Amino acid sequence: MAYLVVAAVTATLVTNIAAWRTSGTLPDSPHFANYVGKFCFDYGFEENVSENATRHREAKTVGLFSVDVHGYVEPNLTESEADPNNSPANGNLWLMVFSDQKHRWLRAREFWSDLSCHEKKEIASWYQPVKTDAGKLLWNQSVYIRQGIRPRFWYFTFVNCGAQVKEHLSYSLHAVNLEGGFQLEFGMDVKGSLPLEVTFCILFLLVATISCLLTMTRTARLSNLESGSATSRPLLKILQFSAGASAAGCGFRAWHHAIFAQDGQGQVELQVIGTLCACAAKAAFTVLQFLLARGWALIRNHTDMPLRGALFGVLLCVVGLAVGCEIYEQYFHDQSTSFFLYENWTGYSMLAMNLGLLASAWWFTWVTLNLETSPTVRRFYYLVSAAAGVYFAALPMVALLASTLSPWVRRKYVERVELSARWLATVLLLVALRPSQLDTLVAARLKNRQQPSLLPAAGIAGEEEMELQETATMGGAMGGGLGEASSDTPYALEKSS
């Protein structure tokens, strides 16, 4: 049923399917080599029967790319004749396409600036001269892709080997996976992104809605009455914000992918906004983890100012790197298949910072557990620690996947693991922070974090402590000096003794 809902929403978002597109202008110089983009094509086999009735498998046609060049370029025959090797490459403007094989693009990219036109042409998987004339300022070409070993990235370049640009040149290029269905314009490295974002948008929205409904239950209203406030549960509100921001991030990215499915380009601004929302959700989740582990002293105490500054500094660095990687990936043509959010120095930096946050959160929680003697409250902090472990420890797994998986599946699995871990950690914290009889005790622990002992008396634990605590707080809610004193002290029981 859930799959049908996601499929229905996805089908509603996608109507007319186009293709992956890129466009731009080319220099007027007679010598340049411009990389303009890459696309990951699918692969497949088909069985054919030969004349002698034997069956054999052949690579099938899986993709198509088309290119249009507007302008006027004239071959330079003088330069071609002056070439000592009499290379037919010189004197022309070429569209050269390279597959991701080691002896193709990997070799060409490493020595790109040192290779001659003839050598680039020899390494290319496919090439064609761009020929226009003064009467028809347009050159177009459509090429089918056949491959049967594995998905491959194909890299598109324009190489001018001396041709004279008479009229300013502009190009547009688009590619499709012919058997991609409603996702035919998506490369194999990002196939499935639209259903994925729609699915987790629904899941995070469901968590945010449930958390709001829980605040309206009878247990929540009784707990608010005991605390004397109708607007309590700041921790649950932070969790609601995190879940809502995650849902918004997935929603904006799904919106971008839906537009991409229609025009082949999408709305890059929506992609960046989605990344900002996801970063806000992660930052709120991290702050919530530290508040649960450290208590309100993290915000209110002057002694925790260095920790507070370090925490928010790390969060700003993580957000800045994530948004920067997204902008670089969307606005600049990168020639590698690296997933910059989890690879290279950016990914390693975020990995180190997240591991530091995990170690810090677990350390503060461990200190709290050493001061805690109530089995019920200890179970609460075990659940909080599990949520921190799932959330922070997922990043090393994601980094490992990014470095070991093949480029054509790397992004899809990394995104699935990251979103699944974030959603699971959010659900665990929702279970821990749901309205219950434990609210008063947890609130007292958060206020009393700096004391040498979290308990007023060593012999009070379990249900006995809960009963005494509830009795004292109910007495304070009915009025009198005891209620006023309890608002300034961690425990009403401690004041009454």
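**View 1. F65 is a buried residue.** F65 has a relative accessible area of 1%, so it counts as buried. The model shown here is predicted.

**View 2. Two rings meet edge-to-face.** The model holds 18 aromatic pairs. One of them joins F65 and F156: the ring centres lie 5.1 Å apart and the planes stand at 70 degrees, so this pair is edge-to-face. The cut-off for that label is over 60 degrees. The two partners come from distant parts of the chain, 91 residues apart. F65 belongs to strand β5 (residues 61-74). F156 belongs to strand β9 (residues 152-161). How buried is F156, in relative accessibility? The value is 0%, so F156 counts as buried.

**View 3. F200 and F204 form a tilted pair.** Their ring centres are 6.3 Å apart and their planes make 40 degrees, so the pair is tilted. Pairing needs centres within 6.5 Å. Which element holds F200 and F204? Both lie in helix α5 (residues 193-214). They are 4 residues apart, about one turn of the helix. F200 has 8% relative accessibility and counts as buried. F204, at 0%, is buried too.

**View 4. Ring pairs build a cluster.** Six residues are linked here: Y35, F98, W105, W112, F153 and Y155. Ring pairs make the links. One member, W112, also has a charge over its ring. Which residue supplies that charge? The charged end of K120 sits there, 4.9 Å from the ring centre.

**View 5. Strand β5 is mostly covered.** Of its 14 residues, 10 are buried.

**View 6. Strand β5 pairs with β8.** Strand β8 covers residues 138-146. In which sense do β5 and β8 pair, parallel or antiparallel? They pair in the antiparallel sense, over 9 bridges. Look for V67: Q141 in β8 stands opposite.

**View 7. Strand β5 is also joined to β10.** Strand β10 covers residues 164-177. How many bridges join β5 to β10? There are 11, and the two strands run antiparallel. Find G63 in this view: its bridge partner in β10 is N177.

Notes. Residues are numbered from 1 along each chain as its sequence is written. This is a predicted model: local features need pLDDT of at least 70, side-chain atom pairs count only at pLDDT 80 or more; totals for chains, interfaces and linings use all residues. Side-chain values use heavy atoms; hydrogens and water are left out. Rings of Phe, Tyr and Trp (its six-membered ring) pair if their centres lie within 6.5 Å; planes under 30 degrees apart count as stacked, over 60 as edge-to-face and the rest as tilted. Buried means under 20% relative accessible area, exposed over 50%, partly exposed in between (1.4 Å probe, protein chains only). A charge sits over a ring if NZ of Lys or CZ of Arg is within 6 Å of the ring centre and within 35 degrees of the ring normal. Two strands pair if DSSP finds at least two bridges between them.
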